[in-house]
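Please look over the sequence and the model below, and then read the short report that follows.

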Amino acid sequence: MDEYQELISVLPLKTVEYAFAYGSGAIQQKDENKAEKMVDFVVVTNNAQEFHKDNISKNPQHYSLLRLMGPKMIEKIQCNFAARVYYNTHVNVGKRKIKYGIISYENAKQDLLDWRWIYICGRLHKPVLDVIKPKDDMCDLVTENRRSALHSALLLLPESFTLKQLFHKIVGLSYTGDFRMIVGEDKNKIEKIVEGNYEELLRVYEPLMNDDARLSVMTPAKVIQDGSTTAIYHRLNLLPSEVLNRIQRNMNKAQKRQRDAEEVIFSLAHRHDVAKTVETAIGGIIRPISFSQTAKNAFSAGVTRSIIYSLAKMSKFLKSK
């Protein structure tokens with residue numbers, strides 16, 4: 001942990017509410033060497049403009065030429081486009097390379113509670129390293145986000161399954177519809193995360209599973225959930241608002257009717273395509289964001305860094321085939 005705190009200490013931290021490291025440079029994945037990887041961070045700030053002002057002054061080399069537009073314009077780019085995250089990538093700190101994304105507290109809250117973009121919230125479905133510990137309110141948001149991930153994953157599973165299958169579904173949620181899984185990402189990424197982090201996933205999700213009256217963990221090889229219409233209706237109602245909005249829109253469009261959310265959810269709970277409907281709604285949020293945030297990252301990184309980053313991703317993708 002000390003190494004990661006040292007890496008992030010190069011940034012101005014006075015406005016930072018929470019910072020975590022994620023990805024294969026921070027969290028062990030099967031058959032991967034963490035020490036060789038770039039370390040990915042997310043920084044949640046209560047004042048994005050002030051953060052960028054201080055950071056441009058302290059670390060101008062972290063930014064592309066966009067820094068010349070000033071902190072106010074960078075905040076606008078961050079807070080008005082794609083997943084509301086602004087990344088600086090391929091930054092050298094000592095012997096390691098880091099990439100860090102800045103998001104405002106309000107935008108992080110929106111994503112964690114409502115799954116507005118399923119970007120930061122998706123990273124927090126999986127184990128992360130808390131480098132700057134979250135305060136109580138942020139802690140609650142992270143827990144609520146993971147509870148939503150558990151409900152979503154359970155809706156994609158049959159009545160009986162294994163813990164490993166559950167963790168596969170949870171980890172896979174944020175890759176649903178992501179074009180980078182077709183080209184650019186390691187094809188075995190989900191498997192590697194689950195295999196390398198099984199104990200940590202269990203630590204994170206066990207309390208939430210214990211809280212769930214409709215779920216019984218008999219053994220790691222046998223988990224049983226209540227598959228009744230009432231239980232499905234209950235879980236559907238607990239999905240984040242953006243997922244529910246997508247389900248309502250998609251079903252109304254397919255059936256050429258206008259029904260309110262409650263009517264749509266009640267109807268869906270009685271059908272046999274719940275998993276497919278939920279997965280389509282989640283993919284519908286992620287797909288456009290995966291394109292727009294990737295384009296935004298390339299824009300903020302500048303041409304040279306974007307090419308280096310893309311080549312590294314493509315190399316990883318080809319090795320996994």
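## Strand S1 and its partners

Strand S1 (residues 16-22) is joined to strand S2 (residues 39-45) by 6 bridges, and the two run antiparallel; strands here are DSSP runs of type E with at least two residues, numbered from the N terminus, while helices are runs of H or I with at least four. Within S2, Thr45 is the bridge partner of Val16. S1 also pairs with strand S5 (residues 129-132) in the antiparallel sense, over 3 bridges, and in S5 Leu129 is the bridge partner of Ala21; two strands count as paired if DSSP finds at least two bridges between them.

Because 7 of the 7 residues of S1 are buried, this strand is largely enclosed by the rest of the structure. Buried means under 20% relative accessible area, exposed means over 50%, and partly exposed lies in between (1.4 Å probe, protein chains only).

## About the model

The model is predicted, so local features need pLDDT of at least 70 and side-chain atom pairs count only at pLDDT 80 or more, whereas totals for chains, interfaces and linings use all residues. Residues are numbered from 1 along each chain as its sequence is written, and side-chain values use heavy atoms, with hydrogens and water left out.

## Cysteines

The structure holds 0 disulfides, a disulfide being a pair of cysteine sulfur atoms within 2.5 Å. Cys79 is in no disulfide, and the nearest cysteine sulfur, that of Cys121, is 17 Å away. Cys121 is likewise in no disulfide, its nearest cysteine sulfur being that of Cys139, 17 Å away; Cys121 counts as buried because its relative accessibility is 0%.
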